[in-house]
Amino acid sequence: MATKRVFDVKSRSKSAKKRKRERPKQPRIDYEEIEKENKLFEEFYTEQGIISPSEWIHFMSTVRLPLPATFRLTSNTCVCTDLADCLTQRYIQKFPKLSTNNEPINPPIPIPWYPSGLAWHVDITRKEIRNDPVLASYHSFLMRETDIGSISRQEAVSMIPPLFLDVQSHHKVLDMCAAPGSKTTQIIEAMHQSHAQILLQLRSSQESTATGLVPNPLPPGFVVANDSNNKRSYLLVHQAKRKKSANVIVTNHDGTTFPNLYLSQDDHRTGNHIKYDRVLCDVPCSGDGTIRKNPTVWMKWAPHKANGLHRLQLRLVVRGAELLVDGGRLVYSTCSMNPIENEAVIHTLLKLGEGSLQLVDVSTSLPELEKRSGLRSWKVMSNANVWIDTDKTEENADGIHSTFFPPSSDQADTYNLQRCMRVYPHHQNTGGFFIAVIQKVAPLPWLKLVKNRDSQAEISSPVEQEQPLLVTISDSVKDKSKIENRPFSVFGKFSSSTGYKGYKEDPFIFMDRSDELITELSTLYGISESFPWEHCFTRSEGKAKNNIYMTTSLVSKILATNQADKNVVKIINTGLRVFCRSDQSVGSVCKLRFSQDGCNILFNYFSKRKVTLTESDIIKLLENESISLSSLCPQSLADIKDLPIGPVVFICNPSSDSAKSHTSPADNKEQSSPDTLLHKPYKCFITCPLIFSGWKANWSARLFVTKEQKQHYQVMLGYELKSDVSLEEKKKSRFVRCQIRDSLEPSIPTGNGNEGKDETVCEENTT
Ligand SMILES: C[S@@+](CC[C@H](N)C(=O)[O-])C[C@H]1O[C@@H](n2cnc3c(N)ncnc32)[C@H](O)[C@@H]1O
């Protein structure tokens, strides 16, 4: 059976590869060749009057420039402030003033409106990075940190919506169109950060009262990250894993009909489904705000793109509002500047809400973010590029819907559309963006919950209430038969026939407290009684347990209640891997070891097989694949030598070690670690204890961390990286060779068209 499956998979992938080979190749678009002109774009936005005439030239010249890179330091651990220190003191302060071509170099600067200086704006060209040795090691720092998840590359404007979502530790959050997941990661970080603050307060109050209770290291809330695109939903899995969070559920649904999830069978029976405290609708859009990053927008921009997306956007935000708890907050955002995708959608939503949904005035939040108010009125252009009279608000053959049009001037005050926010590229050298923050102040008028669910009349449809506006929005609601038993949305019946093909996820099988494995692990590692085994699961049915994943109380309840019906709820992934099978199990006390991802959580519940190491021990382990036990310092050796072969958790508190061994960080210059030849030219940037998954063999010890993670810790501990040194030497010698060549060969035009292309010559010389 297994052989056949492998065969099937292979043959499928072979034929897919063959099809790919045979597919005619699309000619590659050279971005630099694209003409940054589009008359219709200019006419459309001039006519809308969204940019004042005095700013128009600045706006147009900015959208023709490439977008500078921006990144964010991950903010859910104490590591982020340490990393920010390391970035500034180890790299940015050492930036050269001039490039090899005597051009001034702009060092990265913090984005002024992003909290705690954790987001950065980079204005360095690839050429500068390639040519300068210091910049080269800065570049490899960025690449490495991105790889291990401490840094996320993200457009500056795309960082805004999660900030307005104001996520707290206990919130239930739905990210409706989440892939590839940059905003989801911000939401996860915000949830963990809020929890970390609560834990800090709790710990200090416990210290004073000495209750001895271990607070739950995991936030009580959760994030459902959804995307309708199956492949893209796996990008979300990847992002969630990078954040090492046990609080995320990745689902793969059409957001317009996102299914109701339940926390218990009782809730399921009574129809009491989960309502979210926060909903993010970062909807698919025409994307003209990304024109600087994606210049193909210049070639394709036309009003029909936005017109064609309006209804989908509306349906998504309506479903988002349905799933929002009363008092909850919804953020709607697009990377489009077009009012049809923005204010027109919000206006219709508010109109449908009949006062139950209100725009929140957030004008004083993020004061350093330069933003403009939302439009109270706008113009509509048909798919045939013809301006449509605003008075003709009826449906029109040219792709126009009544919901495209602005409110009349006497109604405009009711909706406060000026509370929406528009961010334009020329104000802070960014992309364009639209954000609306909405509060649900009362139940939606079209959702009338009937207490007795047996009546099968959960929702009274807008058609039954004869709301003509809705009839114009949705074709499906015109068919009354489809509305009966319609479980989820005002705009359509949940369809199990679309989007559910190919759902082949393994089940989530929860651990049973009577499982022998639990007893074995608990005895071996001294796992406390309070460890929540009931929130742990495996994904291998009937086979040996190779991995154990941990999640939270609420996420476990959601899995237990909703995964049974795979046709309705398509959960792709969840949980944090805490134990995994060891490939070095010969002679080991246990076949399962701690996974590095789960170490920080497990650590709170363990009493055995914890070994404290000094900074010099740790640096040896980071430098080498494995080290001899005899090279450990005497105290560490005494702690580890009698342990039976198997997994260990290594703990190191380098900040206290540094305090003991160094008089002040500034004095750390050019030290070497006592037992290695590694240079330590920088201070130690780490301020919180390090926890590693490790292994104790007969005569040796090792860590289970990747090469990139090892390099990260070496850098953070203040040591020189061998790879950086060789990279810098390589760059320096290339730089010198170029200078010698330049001094020997005065730049006489050769007429071969290569004048001024020094960089290419240098590159060729080195290869
Ligand atoms: C603008 S992107 C989202 C970007 C994402 N929020 C981020 O920050 O990385 C829009 C996403 O919506 C997804 N999408 C399109 N139609 C959808 C639908 N009906 N339901 C849910 N997701 C949808 C697309 O696959 C795409 O990944």
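The axes of helix α6 (residues 133-148) and helix α24 (residues 707-716) come within 9 Å and cross at roughly 120°. The crossing is left-handed, meaning the near helix is turned anticlockwise from the far one by less than a right angle. Axes are lines fitted to C-alpha atoms, with angles from 0 to 180 degrees between N-to-C directions. Helices are DSSP runs of H or I, at least four residues; strands are runs of E, at least two.

This is a predicted model: local features need pLDDT of at least 70, side-chain atom pairs count only at pLDDT 80 or more, and totals for chains, interfaces and linings use all residues. Residues are numbered from 1 along each chain as its sequence is written.

From α6, Phe-141, Arg-144, Glu-145, Asp-147 and Ile-148 make the contact; from α24, Glu-708, Gln-709, Gln-711, His-712 and Val-715 do. Contact requires C-beta atoms, placed from the backbone, within 7 Å. These residues divide into 3 nonpolar, 3 polar and 4 charged.

| Residue | Phi | Loop |
|---|---|---|
| Lys-244 | about 50° | between α9 (230-242) and β7 (248-251) |

Ser-116 is exposed (12 or fewer other C-beta atoms within 10 Å), with 12. Lys-244 is buried (20 or more within 10 Å), with 21.

A cis peptide bond joins Ala-179 and Pro-180, with omega about 5°. Pro-180 sits in the loop between β5 (172-175) and α8 (182-209).

Key: Contact = placed C-beta atoms within 7 Å. Nonpolar A, V, L, I, M, F, W, Y, C, P; charged D, E, K, R; others polar.
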